[in-house]
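I opened the file today to look up a few things for my notes. Here is what I jotted down.

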Amino acid sequence: MPDPMRIRAQAAGDKTTVRVLMSHEMETGLRKDAAGKTIPAWFIQEVTAQLNGKPVLSAEWGPSVSKNPFLQFIVKGAKAGDKIAVTWRDNRGETRTDEATVS
Amino acid sequence: MRSTRMMAAIAAATAAFTAVPLLAQTQQPKSAADGIAEYRKMLEDGNPAELFEAKGEDLWKTPRGPKNVSLEACDLGLGPGVVKGAWVQLPRWFPDTRKVQDLESRLLSCMQTLQGFDAAEIAATPFDKGEQASVTALAAWISSMSRGMKMALPQKHPEEKRAYELGKRAFFYRGGPMDFACASCHGEDGKRIRLQDLPNLTKNPGDGVGFAAWPAYRVSSGELWSMQRRLNDCFRQQRFPYPGFASDVTVALGVYMGVNAKGAESIAPAIKR
């Protein structure tokens with residue numbers, strides 16, 4: 001089971017800033033280990049965000065995104081108490097969803 | 001078609017970029033240090049150290065080890081289970097182990113006595129592997145519970161004073177193939193390695209600098225480093241033999257830097273390049 005994300009969502013007027021920290025190795029597939037063997041690629045491919053169950057963001061990521069990635073985006077029209085859910089899926093098919101309440 | 005659009009985009013970008021320095025020239029020129037400070041500020045909002053803090057909090061509260069006990073009865077110097085404020089008073093003297101201990105060595109003691117782990121085995125484990133990774137995550141969470149507090153290492157016990165003097169000697173001890181001491185890099189103001197400013201650790205380097213900034217997340221390697229790991233790498237840079245994890249000399253160096261930093265605000269776990 002992958003480690004949880006840290007999600008913060010702060011409303012200011014009609015704009016809500018969402019900050020997400022994901023825990024992921026994000027291996028490019030280009031690095032080699034101490035024995036000279038290629039470390040297989042392992043990275044997040046798909047990121048989606050939902051506001052109260054309605055999709056508001058979908059992104060395709062690649063191996064150039066850093067380890068333990070940070071994602072920030074702004075959603076219009078979210079109110080305090082609304083639920084923001086973020087999901088990622090990596091190239092191994094592993095997935096993780098976490099939810100935060102807009103404050 | 002595609003390349004023309006690309007060219008147009010590049011042209012527009014060039015125009016925008018040339019306009020900026022012209023404006024900036026009328027103001028103060030930006031130093032390399034300002035640039036790094038700006039970069040850190042940008043990253044601050046998304047410091048992945050938070051991920052380690054969450055792991056550490058979990059590790060503290062979950063029953064683990066051969067005895068299946070949590071660390072909640074661990075005394076970090078302010079009484080069993082008191083975490084808030086403990087970090088800014090470490091290293092300190094502990095009557096039960098009859099030793100001056102820093103956070104990591106204290107955690108090893110607690111993991112051995114409370115949870116039944118083998119402290120020597122953990123100390124011999126490479127960084128980021130097995131229980132060594134647990135110690136790092138615990139250090140991240142425990143230090144985060146003292147964020148914004150001022151460094152206040154006790155110097156009442158004679159052993160704490162002795163550790164300070166020992167740390168001072170180690171700090172100024174020159175040796176190795178490059179005839180280096182900690183003080184060679186950290187003994188004067190305004191020194192740097194490449195673009196990294198080096199704090200002067202022979203005095204209080206200020207809020208959130210030096211001892212008051214570790215543990216920290218290293219963006220370049222994607223790792224969280226505790227003070228023990230920071231010191232380990234300083235020894236490597238001096239081409240000294242690696243010090244033992246949580247050994248007396250590393251704790252003494254912690255006492256020396258921590259006491260010198262008295263009153264500095266802790267920002268640990270910080271974020272580094």
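Is Glu159(B) buried, partly exposed or exposed? I note before answering that this is a predicted model. I counted 16 other C-beta atoms within 10 Å of Glu159(B), so the residue is partly exposed; being buried would take 20 or more.

I then placed Glu159(B) in helix H7 of chain B. Setting aside neighbours within four places in sequence, I found Glu159(B) in contact with Trp93(B) and Val100(B). I also checked Gln238(B): from Glu159(B) it is 79 residues away in sequence and 28 Å away in space, C-alpha to C-alpha.

Next I looked at how H7 (residues 158-172) of chain B packs on H10 (residues 248-260) of chain B. The angle is about 95° and the axes are 7 Å apart, so I wrote the pair H7(B) and H10(B) down as roughly perpendicular. Among the residues making this contact are Tyr164(B) and Phe171(B) from H7(B), and Leu253(B) and Tyr256(B) from H10(B). By class, I got 12 nonpolar, one polar and two charged residues in the contact of H7(B) with H10(B).

Helix H2 (residues 32-44) of chain B was next on my list. Its 13 residues reach 18 Å from first C-alpha to last, close to the 18 Å expected. The number of buried residues in H2(B) is zero, so I noted that this helix lies largely in the open.

Last, I turned to the two chains. I have 10 residues of chain A in contact with eight of chain B. On the chain A side, strands S2 (15-21) and S5 (70-76) each supply at least two residues. That side of chain A has three nonpolar, three polar and four charged residues.

Definitions and conventions:
Residues are numbered from 1 along each chain as its sequence is written. Chains are lettered from A and ligands numbered from 1 in the order in which they are written. This is a predicted model: local features need pLDDT of at least 70, side-chain atom pairs count only at pLDDT 80 or more; totals for chains, interfaces and linings use all residues. Helices (H or I, at least four residues) and strands (E, at least two) are DSSP runs, numbered from the N terminus. The expected span of a helix is 1.5 Å times one less than its number of residues. A residue is buried if 20 or more other C-beta atoms lie within 10 Å of its own, exposed if 12 or fewer, and partly exposed in between; C-beta atoms are placed from the backbone. Two residues are in contact if their C-beta atoms, placed from the backbone, lie within 7 Å. Ala, Val, Leu, Ile, Met, Phe, Trp, Tyr, Cys and Pro count as nonpolar, Asp, Glu, Lys and Arg as charged, and the others, Gly among them, as polar. Axes are lines fitted to C-alpha atoms, for helices over the stretch in contact, and angles run from 0 to 180 degrees between N-to-C directions. Angles under 35 degrees count as roughly parallel, over 145 as roughly antiparallel, 65 to 115 as roughly perpendicular and the rest as oblique.
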